Amino acid sequence: MRLPALVAAAAVLLLLAGCSSEKTGTASAAPGTSASPGASVDPDVPKVPAPLDVSKYTSKPCDIVPASVLSSLRFTDAGDPQLRDDGYGAAGPGCAWKISGEGVSMQVIIATGNRDRGLGGLTGLYGAHENGQFPFLEKAPDVEGYPAIYLDKKDRRPGGNCHLDIGVADDLAIAVYAGGYEGQQDSCAAAQKVAAAVVTTLKGA
């Protein structure tokens, strides 16, 4: 059985991918819905300073987060990989981790599926926000120099669920979802730590 975080985070991405779901989590645009006519020139959409290459990790997404970072957050079990040809993997390859017996989970999705449909990057996510797919969008602190946003169907951070998207290229975002925490501070701190590790890993790839 797939981890709850995998379903939660991938559901947002799948909406952009063209599936309908009421679950919340990570982002993708339905057929017939573009990323909003003005999204590509929207001055609010931050540009990516130096695109990062994710190709090394699309076939092994669990390797994109170092084990030392995961263990520091108490994720010691092996990650559950999800590739694009497998269910929720339509959004792009990803990996989910959980802390056994606690309901705490972490997920990373490399949203190449959005990019391949011409709806990638933060531009696609801003467009999904503008057309009402994701009513909640808030700028997040940059992650190792890369722009980021909080995105969801509603703000679930106070309940311990933090969904963070980082632009690693103008047409590609990576989603990090931390779920099952006590509140906004700990969930988003965990998501930010994993996101920073992802960017650092990609810079060194």
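Colleague: What should I know about the model first?

Modeller: The model is predicted: local features need pLDDT of at least 70, side-chain atom pairs count only at pLDDT 80 or more, and totals for chains, interfaces and linings use all residues. Residues are numbered from 1 along each chain as its sequence is written, and side-chain values use heavy atoms, with hydrogens and water left out.

Colleague: Why is Y126 called buried?

Modeller: Buried means under 20% relative accessible area, exposed over 50%, and partly exposed in between (1.4 Å probe, protein chains only). Y126 has 5% relative accessibility, so Y126 counts as buried.

Colleague: What is Y126 in contact with, leaving aside its neighbours within four places in sequence?

Modeller: Contact means heavy atoms within 4.5 Å. On that basis Y126 touches D44, V45, P46, L137, K139 and I149. I149 is 23 residues away along the chain, with 9.3 Å between the two C-alpha atoms.

Colleague: What makes R156 and D152 a salt bridge?

Modeller: The term needs a side-chain nitrogen of Lys or Arg within 4 Å of a carboxyl oxygen of Asp or Glu. The closest N and O atoms of R156 and D152 are 3.2 Å apart, so the pair qualifies. R156 is buried at 17%. D152 is buried too, at 3%.

Colleague: How do you know that R115 and D116 form a salt bridge?

Modeller: Their closest N and O atoms are 3.6 Å apart, so the pair passes. R115 is partly exposed because its relative accessibility is 33%. D116, at 49%, also counts as partly exposed.

Colleague: Which residues are linked in a network of salt bridges?

Modeller: E138, D155 and R157. R157 and D155 meet at 2.9 Å, N to O. R157 is buried at 6%, whereas D155 is partly exposed at 31%. The structure holds 5 salt bridges.

Colleague: What makes a space a cavity?

Modeller: On a 1 Å grid over the protein atoms alone, a cavity is a set of points where a 1.4 Å probe fits but cannot get out; lining residues have an atom within 4 Å of a point. The largest cavity holds about 40 Å³, the volume being the space filled by probe spheres set on the points.

Colleague: Which residues line the largest cavity?

Modeller: Among them are F136, Y150, D152, D155, R156 and R157. Strand 5 (146–152) gives the most, with 3 residues. Strands (E, at least two residues) are DSSP runs, numbered from the N terminus.

Note on methods
On a 1 Å grid over the protein atoms alone, a cavity is a set of points where a 1.4 Å probe fits but cannot get out, and a pocket is an open set with protein on both sides within 12 Å along at least five of seven lines; lining residues have an atom within 4 Å of a point. Helices (H or I, at least four residues) and strands (E, at least two) are DSSP runs, numbered from the N terminus.
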